[in-house]
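Visitor: Could we go through the cavity and the surface of this model together?

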Amino acid sequence: MRAAVVINPSKPAARDIRGTLTRLSAANGWDEPLWLDTTAEDPGAGQTREALEAGADVVIAAGGDGTVRCVAEVLAGTDTPLGLIPLGTGNLLARNLGLDVTDTEGAAKVALLGEARRIDVVRSARNDGGSEQLFLVMAGLGFDASIMADTDAKLKDKVGWLAYVDAAVRNLQGKGVKAKISVDGEAVASRRVRSVMVGNCGKIQGGVEIFPGAAVDDGILDLMVVAPGKLGWFGVIAGVIGKGRSKDTSVEYFRGTSVEVSLEHEDDFQLDGDHEGKVSTLTARVDPGALLVRV
């Protein structure tokens, strides 16, 4: 048995995890891991294909949610499981799977020896003619994507996810964009919004459940539409806390298996926390149980 490790070498804990996984592999009768470093030009997909060609029994993503997403894009639809060693700022997929993101050695043990569980992935396409992209946690148009675009990397290295709060405050006064939104082919909203988020699972940092009742293996997409009303962002906060049950339409939730969003002009776009430029249309569909993950 052999693990391949697609690792982001820029992460501070990357050096330590090499020794940990090598030791765990030897102690459990596994061969020396195959180490595949990500690069700015290839953040994980090419390395994962190399791992499959080498016959790896598990491909471990050691990095943040961006590294995990790139590895999963290749593994989805195969019978090779994904292992997770969370080394990023958010580590949202790991959190939603119940992994302890503060215990690197524990995560390594699970990645190497844990049970395989099937989870959903989401396949998305946008208006720029690019190829289909996969995401595991959430995609966003508008305000949340602007936060990702405007987060100070040096500040994030120093204070972690609090750097996102700094970016959020600086982007609060942005303008909305008129959007037309359909779920499962049926129109559900046509109005000016600040953000549209499509989720595959529900929790973000701090244990906040942004998509109520969402599960990574329920075969359903969760959609949140944010459109501050008379109360402004106070209404949005109340809507999130109340999980959209109030009459105020500052926050609305929808569920389905496919989503289509069309904006009157391009706005910021993010996948699993990575800013992906600007788009004016987005389609997304759930692919149930397409990915095996060690838990």
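Guide: The conversation below takes the cavity and then a surface patch. The model is predicted: local features need pLDDT of at least 70, side-chain atom pairs count only at pLDDT 80 or more, and totals for chains, interfaces and linings use all residues. Residues are numbered from 1 along each chain as its sequence is written, and side-chain values use heavy atoms, with hydrogens and water left out.

Visitor: How many cavities of 30 Å³ or more are there?
Guide: There is 1. A cavity is a set of points, on a 1 Å grid over the protein atoms alone, where a 1.4 Å probe fits but cannot get out; lining residues have an atom within 4 Å of a point.

Visitor: What space lies in the largest cavity?
Guide: About 60 Å³, a volume being the space filled by probe spheres set on the grid points, which are joined across faces, edges and corners.

Visitor: Which element gives the largest share of its lining?
Guide: Strand 4 does, with 3 residues. Strand 3 (58-63), helix 3 (65-75), strand 4 (82-86) and helix 4 (92-96) each supply at least two. Helices (H or I, at least four residues) and strands (E, at least two) are DSSP runs, numbered from the N terminus. Among the lining residues are Asp-65, Leu-84 and Asn-91.

Visitor: And on the surface, which residues form the nonpolar patch?
Guide: Val-159, Trp-161, Leu-162, Val-165 and Val-169 do. Helix 8 (residues 162-170) gives the largest share, 3 residues.

Visitor: Is Val-169 buried or exposed?
Guide: Val-169, which lies in helix 8, is exposed, with a relative accessible area of 54%; exposed means over 50% with a 1.4 Å probe, counting protein chains only.

Terms used:
1 Å grid on protein atoms, 1.4 Å probe; cavity = no way out; pocket = protein on both sides within 12 Å on 5 of 7 lines; lining within 4 Å. Patch = residues over 30% accessible without salt bridge, like charges linked within 9 Å, V, L, I, M, F, W, Y side chains within 5 Å. Areas by Shrake-Rupley, 256 points an atom, 1.4 Å probe, with all protein chains shown as cover. Salt bridge = Lys/Arg side-chain N within 4 Å of Asp/Glu carboxyl O. Buried < 20%, exposed > 50% of the residue type's maximum accessible area, 1.4 Å probe, protein only.
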